[in-house]
Amino acid sequence: MAAYLRMSRGRYGSCQVKGGLFKCGGAATAMCVYCARPFCERHGAIGPEGEEVCASKNCVAKREDLALHLVYKQDVLVLNRQRLCGIEVCGVDFAGQCTRCKGYFCRGHIEMREMAVIEEGMRFERPVLVCRHCWVRRQIWDRA
Ligand SMILES: [Zn+2]
Ligand SMILES: [Zn+2]
Ligand SMILES: [Zn+2]
Ligand SMILES: [Zn+2]
């Protein structure tokens, strides 16, 4: 990975991440998968799966949330396979599917909420069934 970084130095132009008040402007070596900004070695990191994420606050929050979300989805799946609600302590049969994580939850753990959805390339708000976890994390993901 280090060799790759050296070889590709500067191929993305200049770093667009702010260092203090101004954009850094250093030689960018990667491009953020979330905001599509090019960034230098000091202003981002390459994840274990090779995903390039810049150091801006929103993007770091997204990366951390995604790691938690994958763990959550795994836990939900295990419970759903036993035909149980995706919330560990619950143990009730499920009643509906979450639009975001695709997990199944009981009536108490899933709700109709106004949420931004993307369908056929269009973004609009409409009521959808979501679990609590996805409702809370929307604040991170709905930020540009
Ligand atoms: Zn970014
Ligand atoms: Zn930089
Ligand atoms: Zn969910
Ligand atoms: Zn439940």
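Tutor: The expected span of a helix is 1.5 Å times one less than its number of residues. Helices (H or I, at least four residues) and strands (E, at least two) are DSSP runs, numbered from the N terminus. Residues are counted from 1 along each chain as its sequence is written, while chains are lettered from A and ligands numbered from 1 in the order of writing. This is a predicted model, in which local features need pLDDT of at least 70 and side-chain atom pairs count only at pLDDT 80 or more, whereas totals for chains, interfaces and linings use all residues.

Student: How far apart are the end C-alpha atoms of α2?

Tutor: Helix α2 has 25 residues. At 1.5 Å a residue they should span 36 Å, and the model agrees with this, so the distance between the end C-alpha atoms is 36 Å.

Student: What is the mean pLDDT of the protein?

Tutor: pLDDT is the predictor's confidence in each residue, from 0 to 100. In this protein 92% of the residues reach 70 or more. The mean is 88.

Student: Which element has the lowest mean pLDDT?

Tutor: At the other end of the scale, strand β8 (residues 104–105) has the highest mean, 97. pLDDT stays under 50 over residues 1–9. Where pLDDT is low, the predicted coordinates should not be read in detail. The lowest mean, 46, belongs to residues 2–7, which form helix α1.

Student: How many contacts beyond four places in sequence does the model have for residues 1–9?

Tutor: Two residues are in contact if their C-beta atoms, placed from the backbone, lie within 7 Å. For residues 1–9, the number of such contacts beyond four places in sequence is 6.

Student: How far apart are the C-alpha centres of domain 1 and domain 2?

Tutor: The bounds come from an automatic or database domain assignment. It gives domain 1 as 2–54 and domain 2 as 69–141. Their C-alpha centres are separated by 33 Å.

Student: Which residues of α2 are buried?

Tutor: A residue is buried if 20 or more other C-beta atoms, placed from the backbone, lie within 10 Å of its own, exposed if 12 or fewer, and partly exposed in between. What covers the buried residues of α2 includes β6 (52–54) and α3. Those buried residues are C59, K62 and V76.

Student: Is V78 buried or exposed?

Tutor: V78 lies in helix α2. Its C-alpha atom is 31 Å from that of E120, 42 residues away along the chain. Because V78 has 12 C-beta neighbours inside 10 Å, it counts as exposed.

Student: Why do the buried residues of α3 lie on the same side?

Tutor: In helix α3 (residues 132–141) the buried residues are H133, C134 and R137. The arc to be considered is that of the directions from the helix axis to the C-beta atoms. The three share a side of α3 because they cover an arc of only 80 degrees.

Student: Which exposed residues does the face of α3 turned away from its buried side carry?

Tutor: The buried side is covered by elements including α2 (57–81) and β10 (122–131). The face turned away carries V136 and Q139.

Student: How many residues are in the largest nonpolar core?

Tutor: A nonpolar core is a set of buried Ala, Val, Leu, Ile, Met, Phe, Trp, Tyr and Cys residues joined through C-beta atoms within 7 Å. Members of the largest one include V76, F105 and C134, and β8 and β10 each supply at least two of its residues. A second, separate core of 11 residues includes V17, A30, F39 and C54. The number of residues in the largest core is 12.

Student: Where is A36 found?

Tutor: A36 has a positive phi, near 65 degrees, in a residue other than glycine. With 9 C-beta neighbours inside 10 Å, A36 is classed as exposed. Its place is the loop between β3 (30–31) and β4 (38–39).
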